[in-house]
Amino acid sequence: MALPTVEVLSEQLAAVSGAPEVTPDAPIRHTPGVDSLDLMEWLYNFQNEHPDIPADESLFADLDDSTTMRDVYAKLVDLAPQPAEA
């Protein structure tokens, strides 16, 4: 299964957390309504939907005041299996 867009992942985090909005370029720690438990719930859902991508809690290991969903998305892109070359 293909990796969803960063916008879709941000919407999923908003749905899990109940935050009014999670934008891809907004710092996660400063997003009202999003806390660490919400991130873990979002990650759990992501892992269930994308078992082929070895994402774990290390995605948030270096979370700081500037980390955005776009930063998390870049890590997921790096973790996603690459198509085999012909």
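The protein chain folds into 3 helices and 0 strands, where helices (H or I, at least four residues) and strands (E, at least two) are DSSP runs numbered from the N terminus. Read from the N terminus, the order is simply α-α-α. Keep in mind that this is a predicted model: local features need pLDDT of at least 70, side-chain atom pairs count only at pLDDT 80 or more, and totals for chains, interfaces and linings use all residues. Residues are numbered from 1 along each chain as its sequence is written, and side-chain values use heavy atoms, with hydrogens and water left out.

How confident is the predictor? The score to look at is pLDDT, the predictor's confidence in each residue, from 0 to 100. The protein chain averages 93, and 98% of the residues score at least 70. Among the elements, helix 1 has the highest mean pLDDT (97) and helix 3 the lowest (95).

Now for the overall shape. The C-alpha atoms fill a box of roughly 45 × 20 × 20 Å along the principal axes.

Let's go inside. The largest nonpolar core has 21 residues; such a core is a set of buried Ala, Val, Leu, Ile, Met, Phe, Trp, Tyr and Cys residues joined through side-chain atoms within 4.5 Å. W42, L59, F60, M69 and L76 have the most contacts inside this core. Helix 1 (6-17), helix 2 (36-49) and helix 3 (69-79) each supply at least two of its residues.

Contact here means heavy atoms within 4.5 Å. Leaving aside neighbours within four places in sequence, L76 touches L3, L9, W42, F46, I53, A55 and L59. Across the protein chain, of the contacts between residues at least 6 apart in sequence, 59% join residues at least 24 apart.

One last stop is T68, in the loop between helix 2 and helix 3. Is this threonine buried or exposed? T68 counts as buried, because its relative accessibility is 8%. Setting aside neighbours within four places in sequence, T68 is in contact with P24, D25, A26, P27 and I28. A polar atom of the T68 side chain also lies 3.2 Å from the backbone nitrogen of R70.

Technical notes: Buried means under 20% relative accessible area, exposed over 50%, partly exposed in between (1.4 Å probe, protein chains only). A polar contact is a pair of N or O atoms within 3.5 Å; within protein, one must be able to donate a hydrogen and the other to accept it, and residues adjacent in sequence count only if both atoms are side-chain atoms.
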